[in-house]
Amino acid sequence: MTFKFGNEEAKVYELTGVDLKKKIRTGKIVKMGDDIFFHTDTVGEEKETHINKVTVKGETISGLADLGMSGDIDELATNGKTVLWQTSRKEVPKDSLAIYDGKERAIGGKWPGSVMGDPETGEFVVVRGTLIKTAKLENGEMKDVKTIIQDYRKTFPEFSVAILKPVCVDKGEMYLRTFLKKEGEKNNTPYLIAFDKDGKELRRYEGVKDLPRGWAVTENYVVHTGSKGDIRVFDKKSGNVIGDAKIEMRPFELWTATGNDVIVYDDRADKFYRIDF
């Protein structure tokens, strides 16, 4: 399947090889190396979410593996070398770091807040309340903590009632999603906000308004989706909209695979796709 956005064309590929029907329950997906990570539901008496992964080669996925219990389904991050998620309180009494290094899972220190990883520096950006900071993972703990924005609601008056949530770090820029009220409009509007590592706002991307869902930042584009199949593509550098499209899919969550290729989870079909923009 192909579709047009502006004068450009994107190609859609279904990733096949593992039946994921009624398995995935996730507010976040990430990809590290050849593996896609996601939250899943378990059946039976446990009734807990777990982290699972599959390995992707071309358009084939294989090797479904369970990495253990997970907590908040919106919490999942990678810096390209390590995958982090929040532990389950049924397994660990206090919210802690679950750390996967590509081989095995370990339990670390206290869960620091909502996290996104920087693949260039290996650091993690942490959002806790209205505080934004960077930290390094050392021996299972977040160390060398540096504050970027002490209180974004005070620093940016327009965000006085906004909640910023991590999306990704790309080439030294931090991307956080939020909803803002526009004058004359009833519903809040979804935005992706780009900041530099000094906390300066760089750009805004105004997203899909009809049932907004996932964001992805690629080599050249920013992509936003809506649950009814809407896709909006922006020029990453300028923030300008290149084009809108509508496809036969429910693109619930996104993660950049490499370059301008994006992994998409369709929560109605319970399938992964790759869209090459």
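**One side chain and its surroundings**

Author: Start with the side chain of Thr-178: one of its polar atoms sits 2.9 Å from the backbone oxygen of Ile-163. That's a polar contact (N or O atoms within 3.5 Å, one able to donate a hydrogen and the other to accept it; residues adjacent in sequence count only if both atoms are side-chain atoms). Before we go on: this is a predicted model, where local features need pLDDT of at least 70 and side-chain atom pairs pLDDT 80 or more, while totals for chains, interfaces and linings use all residues. Residues are numbered from 1 along each chain as its sequence is written, and side-chain values use heavy atoms, with hydrogens and water left out.

Thr-178 belongs to strand E16, residues 173-180 (strands are DSSP runs of at least two residues, helices of at least four, numbered from the N terminus). Thr-178 counts as buried because its relative accessibility is 4% (buried is under 20%, exposed over 50%, partly exposed in between, with a 1.4 Å probe and protein chains only). Skipping neighbours within four places in sequence, Thr-178 is in contact with Ala-162, Ile-163, Leu-164, Thr-189, Pro-190, Tyr-191 and Ile-193 (heavy atoms within 4.5 Å).

A pocket is an open set of points on a 1 Å grid with protein on both sides within 12 Å along at least five of seven lines; a cavity is a set where a 1.4 Å probe fits but cannot get out, and lining residues have an atom within 4 Å of a point. The second largest pocket holds about 150 Å³ of space, and strand E12 (124-128) and helix H1 (152-155) each give its lining at least two residues.

Lys-28, Val-167, Cys-168 and Trp-255 are among the residues lining the largest cavity, which has a volume of about 30 Å³. Strand E7 (76-78), E11 and E15 each give two or more residues to that cavity's lining.

Terms used: Grid points are joined across faces, edges and corners, and a volume is the space filled by probe spheres set on the points.
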